[in-house]
Amino acid sequence: MNELLIEKLKWRYATKSFDRARTIPDHDWSTLEEALRLTPSSYGLQPWKFIVIRDQKTKDSLLSASYNQSQIADCSHLLVFAAKTSVTAADVDRLVDASAAARGIAVEALSSYRKVIVGDLIEGARSAESTEWAKLQSYIALGNFMTCAAMLDIDCCPMEGFVPAKYDEILGLAPRGLTTSVVCPAGYRSGDDKYATAAKMRFPKEDLFEYIG
């Protein structure tokens, strides 16, 4: 399994050209959905919504807001990571209630946990940065998604080259307290994508790792 993981990570790349004729099977997408659902987040708050776009008309409408990058329109599934623009006490209460139910304990047993979250993200200094905090959380989900997709031989291309305000407008996100953080087209590489066989460049381990102890 160790070798398989490394093999898949070497196989994946930021796909530049998707085969529009190929669609991700429902059973594979269900696996990716569950992988996304299981993504860790700070405090376990999960301050995101995963918007999955399969409708061709909607994908086409987002093309100009993505600097006409063809992956947006040609992919099987366009995954939009939308982050919450604010964290509220209601969000914390929902987390605490669900956690207590999942663990079979009283809500009161998590009162200190609730106090810490509220003191940090709602009443603390970071409350003014909750949107950026939520966007950073969504990148944890993005990394998880890309690795899991590679394990299933599904291609993807993480993208920041788009206009968030346009995405928010087209998808109606602002009234829902959401904003686009990052997008990731997913599907299968086309046979003529020259980047599929390009050598992968990564700096040597000696430049990247520092061990203490």
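Predicted model: local features only at pLDDT ≥ 70, side-chain atom pairs only at ≥ 80, totals over all residues.
Helices and strands are DSSP runs, of at least four residues for helices and at least two for strands, and they are numbered from the N terminus.

Tyr67 is not a glycine, yet its phi is positive, at about 55°. The residue has a relative accessible area of 54%. Because exposed means over 50%, Tyr67 counts as exposed. Asn68 also lies in the loop between helix 3 and helix 4. The phi of Asn68 is likewise positive for a residue other than glycine, with a value near 55°. The relative accessibility of Asn68 is 57%, so this residue is exposed.

The strands of the model include four that form an open sheet in the order 1-2-4-3, with antiparallel pairing. Strand 1 (48-53) and strand 3 (155-156) are the edge strands, each of which pairs on one side only. Six bridges link strand 1 to strand 2 (residues 77-84), and the two strands run in the antiparallel sense. Within strand 2, Val80 is the residue that stands opposite Ile51.

Helix 7 (residues 130-151) packs on this sheet. The helix touches strand 1, strand 2, strand 3 and strand 4 (178-187). Between the direction of helix 7 and that of strand 4 the angle is about 10°.

Technical notes
Residues numbered from 1 in each chain as written. Heavy atoms only, no water. Buried < 20%, exposed > 50% of the residue type's maximum accessible area, 1.4 Å probe, protein only. Pairing = 2+ DSSP bridges. Contact = heavy atoms within 4.5 Å. Axes fitted to C-alpha atoms, helices over the stretch in contact; angles between N-to-C directions.
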